[in-house]
Amino acid sequence: MVDMGSGNARRPGALPEVRALTMADIRDSLAEGAADFARRPAIGLAIAAVFVVIGLAITTSLLVLREPWLIYPFAIGFPLVGPFAAVGLYEVSRRLEAGRMPTAREVWRVIWAQRRREVSWMAFTMLFVFWVWMYQIRLLMALILGRMSYATLDRFADVVLTTNEGWVFLAVGHIEGAALALVLFSITVISIPMLLDREVDFVTAMLTSIRTVLASPLVMLGWGLIVTVAVLAACAPLFLGLLVVLPVLGHATWHLYRRAVV
């Protein structure tokens, strides 16, 4: 393994071998993720708290700007940036696996160092897809809902749940969102922990991630569903559920990567 604090440029390499995964791998990875969180809970809570604050700040801003109808698509799209949010958690698991007890200073140093590394390109990719998702929602609102009034969240819920236009908007929006999520999940689920662990370029990491999904499509889709449902449920109580869900899923993703890539 490499020193994550260095700023050495990554160089393309041969694609590594990937293994087929089973649901037992997901179960074991979740158990190991929970164990890692239990060993270093303060770091996991601190990282998750940042995203709780971000979620609350954006939600509050939408309410102040009188655009509460964007809260739902924002919450739906929030899991898209989850892999990047877990960078520090991957590092904690990496050090625990190596028999080292990580400190908050060491983990922060690694997170900060990623601005000069290939992970920053993955962050740009995820944020770009998230921006596309939010833009498409606004476009669908204009095209399908038209001039309907939904100045409050209650009124928006009434429009989308009780009108034909609302049902069309929900159907098209969720299909489009699922397609974007599938693409982003396929290129990031393995690539980001791999970029922390190995000296490879981000294209190699993305291709390896896609190959992992193709090697075990049902298992990996199951993992994506688990992550999505867990994060959405965690967002419901003012994003506070992320304090536990995000660290456990982040650590578990590291262990799933270690099982998937030789």
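In which helix is Ala 34 found? Ala 34 is found in helix H1, and the model in which it sits is a predicted one. At 34% relative accessibility, this alanine counts as partly exposed, and its C-alpha lies 29 Å from that of Phe 124, a residue 90 positions away in sequence.

**Nonpolar core**

- The largest nonpolar core holds 67 residues, and the members that touch the most others are Met 141, Leu 145, Phe 169 and Trp 223.
- Helix H7, which spans residues 119-145, gives the most to this core, contributing 12 residues.
- Leaving aside residues up to four places away in sequence, Trp 223 touches Ile 26, Leu 30, Phe 185, Val 189, Leu 249, Ala 252, Thr 253 and Leu 256.

**Salt bridges**

- A search of the whole structure finds 9 salt bridges, of which several are described here.
- Arg 259 forms a salt bridge with Asp 25, with the closest N and O atoms 3.5 Å apart; the pair links distant parts of the chain, since Arg 259 belongs to helix H13 (residues 242-260) and Asp 25 to helix H1 (residues 23-39), a separation of 234 residues.
- Asp 25 has a relative accessible area of 16% and is therefore buried, the cut-off for that class being under 20%.
- Asp 28 pairs with Arg 27 in another salt bridge, where the closest N and O atoms are 3.6 Å apart; Asp 28 counts as partly exposed at 30% relative accessibility, whereas Arg 27 is exposed, with a relative accessible area of 54%.
- The side chains of Arg 258 and Glu 97 meet in a salt bridge with an N to O distance of 2.9 Å, and because Arg 258 lies in helix H13 while Glu 97 lies in helix H5 (residues 87-97), this pair ties together parts that are 161 residues apart in sequence.
- Both partners of that pair are partly exposed, Arg 258 at 30% relative accessibility and Glu 97 with a relative accessible area of 36%.

**Packing of H5 against H6**

- Helix H5 and helix H6 (residues 104-113) pack at an angle of about 125 degrees, with their axes 9 Å apart, so H5 is oblique to H6.
- The crossing in which H5 passes H6 is right-handed.

**Packing of H12 against H13**

- Helix H12 (residues 217-235) and helix H13 pack at an angle of about 165 degrees, with their axes 9 Å apart, so H12 is roughly antiparallel to H13.
- The crossing in which H12 passes H13 is left-handed.

**Packing of H9 against H11**

- The axes of helix H9 (residues 164-188) and helix H11 (residues 202-215) come within 6 Å and cross at roughly 110 degrees, so H9 is roughly perpendicular to H11.

**A positive phi in a loop**

- Phe 239, located in the loop between H12 and H13, has a phi near 65 degrees, which is a positive value in a residue other than glycine.
- With a relative accessible area of 6%, Phe 239 is buried.

Note on methods: Residues are numbered from 1 along each chain as its sequence is written. This is a predicted model: local features need pLDDT of at least 70, side-chain atom pairs count only at pLDDT 80 or more; totals for chains, interfaces and linings use all residues. Side-chain values use heavy atoms; hydrogens and water are left out. A nonpolar core is a set of buried Ala, Val, Leu, Ile, Met, Phe, Trp, Tyr and Cys residues joined through side-chain atoms within 4.5 Å. Buried means under 20% relative accessible area, exposed over 50%, partly exposed in between (1.4 Å probe, protein chains only). Helices (H or I, at least four residues) and strands (E, at least two) are DSSP runs, numbered from the N terminus. Contact means heavy atoms within 4.5 Å. A salt bridge is a side-chain nitrogen of Lys or Arg within 4 Å of a carboxyl oxygen of Asp or Glu. Axes are lines fitted to C-alpha atoms, for helices over the stretch in contact, and angles run from 0 to 180 degrees between N-to-C directions. Angles under 35 degrees count as roughly parallel, over 145 as roughly antiparallel, 65 to 115 as roughly perpendicular and the rest as oblique. A crossing is left-handed if the near helix is turned anticlockwise from the far one by less than a right angle, and right-handed if clockwise.
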